[in-house]
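Colleague: I am new to this structure and would be grateful for a close look at a single part of it, the place where the two chains meet.

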Amino acid sequence: MANNIAGKVAIVGVAESDQIGIVPDRSVIQLHAEAAHNALSEAGLTTRDVDGIFTAGVSPMETAEYLGIVPKFMDGTAVGGSSFVIHVGHAAMAIAAGLCSVALITHGESGRSRIGIGGFPQGAQTIRGQFEAPFGLPSPVGAYAMACSRHMAQYGTTSEHLAQIAVSTRGWASLNPKAMYRDPLTIEDVLKSRMISWPFHLLDCCLVTDAGGAIVLTSLERARDLKTHPVVVLGRGESIDHSNISQMHDFTSGPAKVSGKLAFDMAGVRPDELDLAMIYDSFTYTVLMTAEDLGLCKPGEGGAFFAKGRTAPGGVFPVNTNGGGLSYTHPGMYGVFTIIESTRQLRHDYQDQGIRQVKDAKLAVAHGTGGVLSSAGTVILGRA
Amino acid sequence: MADYTKPLPMPDPLTKTFWDSVKAHAMQLQKCGDCQKFIYYPRAVCPYCGSRNLAWKPVSGRGKLYGFTINMGKHPSTAPFSADAPYVIALVELDEGPRLMTNLVGIDPDPTKIKVGMDVVVHYDDVTEQISLAKFKPV
Ligand SMILES: [Zn+2]
């Protein structure tokens with residue numbers, strides 16, 4: 001392993017904003033700040049200790065000003081929902097290189113209540129405005145649905161396969177008091193739900209919520225003196241395949257193939273050694289395609305991988321143990337929550353909560369997807 | 001045509017040749033003089049080999065359905081299209097290689113009738129006096 005990162009940096013604090021779900025009395029920047037405060041408190045740190053700031057959606061300038069942080073290192077990589085997973089890798093690099101000592105990654109979105117959000121201009125002279133917008137593709141659902149149609153035609157993936165992912169994820173959500181939807185779900189429920197953009201039913205689609213999330217990292221050496229059990233960054237990877245869905249190279253495989261290989265190789269870990277996987281689930285197909293790209297199963301075998309509750313509570317390979325974007329929360333760029341939940345599982349935070357805790361969890365993959373299957377960030381985390 | 005309310009492209013100096021060719025019902029795309037690949041959307045640099053040796057060439061207008069979705073109802077991101085639902089948005093792979101976002105027309109928006117891989121041909125839709133869109137229909 002020729003790198004200076006693996007195993008040297010730890011996650012020492014993770015948190016959501018005070019409330020997640022429907023939070024009509026908080027602006028975007030408030031959600032960032034609440035989550036930041038909560039994650040730092042968990043580690044026994046304050047904003048005074050932070051010298052590295054990483055964020056997307058809101059700029060590092062605004063976040064630093066709001067929190068009173070004067071950073072020595074900053075990163076505003078904004079490539080959609082994968083951004084915050086990519087930031088974990090960047091923070092690990094910065095700390096390992098001695099460029100900052102305490103890195104704070106913040107996220108916050110008022111996806112549902114729309115308090116304090118900026119606009120998304122779609123100029124008619126942009127690439128998307130000229131070559132995609134005139135054809136009425138619902139965004140982002142239609143882009144993912146269109147990609148899924150190819151996987152179904154090529155590999156025989158079915159609506160039942162997709163529905164099983166939503167059902168298994170709901171199983172985990174039923175164990176999480178913070179999850180927005182906790183009632184049991186059946187495959188029939190998913191298939192009977194309203195068709196949004198064929199082949200996706202309503203229950204193939206993620207929630208739209210308000211939420212913030214934050215992550216604090218420092219060197220493993222310093223982490224040993226802090227309040228939480230350290231969770232170590234073992235590997236990281238990132239990539240981009242396209243921006244516009246019409247330019248995706250292969251509708252059945254995306255940038256997770258690159259980011260995943262980089263992360264697994266750096267960590268020296270094989271997919272079959274993992275105890276759990278936290279995989280971005282904007283839509284059921286997002287999880288299925290990503291599982292194949294990460295090598296959790298072979299290309300085309302995603303349907304079988306998720307079949308019969310194999311990834312549900314009590315199943316052989318736990319996936320999305322917080323209830324995911326499909327049932328727990330999804331404010332728009334969900335990636336930060338894959339890291340938060342992986343960290344809690346690896347710290348054994350749920351050990352008094354029965355099957356919610358993945359037994360003896362030592363190794364996890366957290367994966368973020370951004371844009372329309374466009375960008376990817378993968379992190380391999382281990383219990384120190 | 002004057003009451004067309006859906007998003008329309010605003011051609012730029014480079015892409016104007018493409019939009020003019022669609023308006024003339026004779027689509028042209030850039031072809032790379034070095035790697036010989038056709039390119040879509042139009043660009044300043046070949047995305048396959050990095051060359052700037054690009055020239056406009058006519059294409060057949062024939063291809064295959066690479067993937068599709070059917071917008072079933074009212075979605076906030078496509079409000080101007082709501083009256084058309086259900087309608088088919090498709091990616092078509094031209095015989096010359098590039099893939100285009102388009103609408104599939106001339107067929108029921110029924111997933112049991114539309115097949116990934118089916119043969120399609122261009123159908124020019126003159127949506128306004130200035131702009132035509134290249135849509136596709138089954139052969
Ligand atoms: Zn070329």
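How many residue pairs are in polar contact between chain A and chain B?

Modeller: The model is a predicted one, and what follows should be read with that in mind. Between chain A and chain B, 18 residue pairs are in polar contact, counting pairs with both residues at pLDDT 80 or more. A search of the whole structure, over all chains, does find 18 salt bridges.

The extent of the interface may be described next. On one side, 32 residues of chain A take part, and they are in contact with 39 residues of chain B. The area buried between the two chains is about 3,000 Å², and carbon and sulfur atoms give 63% of that area. Within chain A, the residues that lose the most area to chain B are A:Phe131, A:Phe135 and A:Trp198, which together make up 25% of what that side buries.

Three elements of chain A give two or more residues to the side that touches chain B, namely α4 (127–131), α5 (141–155) and β5 (195–198). Of these, α5(A) gives the most, with 7 residues. Sorted by class, the side of chain A that touches chain B has 18 nonpolar, 11 polar and 3 charged residues.

A:Pro199 itself lies in the loop between β5 and β6 (200–201) of chain A.

The bond runs from A:Ser139 to A:Pro140, with omega near 0°, and A:Pro140 is placed in the loop between α4 and α5 of chain A. The loop that comes between β4 (102–110) and α4 of chain A holds A:Arg114, a residue that has a positive phi of about 60° although it is not a glycine.

For context, each chain also has a sheet of its own. In chain A, 9 strands form an open sheet with mixed pairing, in the order β3-β2-β4-β7-β1-β8-β11-β10-β9. Its edges are β3 (73–75) and β9 (276–279) of chain A, each with a single partner strand, so one side of each is left without a neighbour in the sheet. Neighbouring strands of this sheet are turned by 20° against each other on average, direction ignored. Inside the sheet, β8 (residues 231–240) and β11 (residues 375–383) of chain A pair in the antiparallel sense over 9 bridges, and A:Val233 stands opposite A:Leu381 in β11(A).

In chain B, an open sheet of 3 strands has the order β2-β1-β3, with antiparallel pairing. Here β2 (38–39) and β3 (54–58) of chain B are at the edges, and each has a single partner strand, so one side of each lacks a neighbour in the sheet. Strand β1 of chain B, residues 28–32, pairs with β2(B) over 2 bridges, and B:Lys31 stands opposite B:Phe38 in β2(B).

Technical notes
Residues are numbered from 1 along each chain as its sequence is written. Chains are lettered from A and ligands numbered from 1 in the order in which they are written. This is a predicted model: local features need pLDDT of at least 70, side-chain atom pairs count only at pLDDT 80 or more; totals for chains, interfaces and linings use all residues. Side-chain values use heavy atoms; hydrogens and water are left out. Contact means heavy atoms within 4.5 Å. Buried area is the accessible area (1.4 Å probe) that two parts lose on being put together, summed over both. A polar contact is a pair of N or O atoms within 3.5 Å; within protein, one must be able to donate a hydrogen and the other to accept it, and residues adjacent in sequence count only if both atoms are side-chain atoms. Helices (H or I, at least four residues) and strands (E, at least two) are DSSP runs, numbered from the N terminus. Ala, Val, Leu, Ile, Met, Phe, Trp, Tyr, Cys and Pro count as nonpolar, Asp, Glu, Lys and Arg as charged, and the others, Gly among them, as polar. Two strands pair if DSSP finds at least two bridges between them. Axes are lines fitted to C-alpha atoms, for helices over the stretch in contact, and angles run from 0 to 180 degrees between N-to-C directions. A salt bridge is a side-chain nitrogen of Lys or Arg within 4 Å of a carboxyl oxygen of Asp or Glu.
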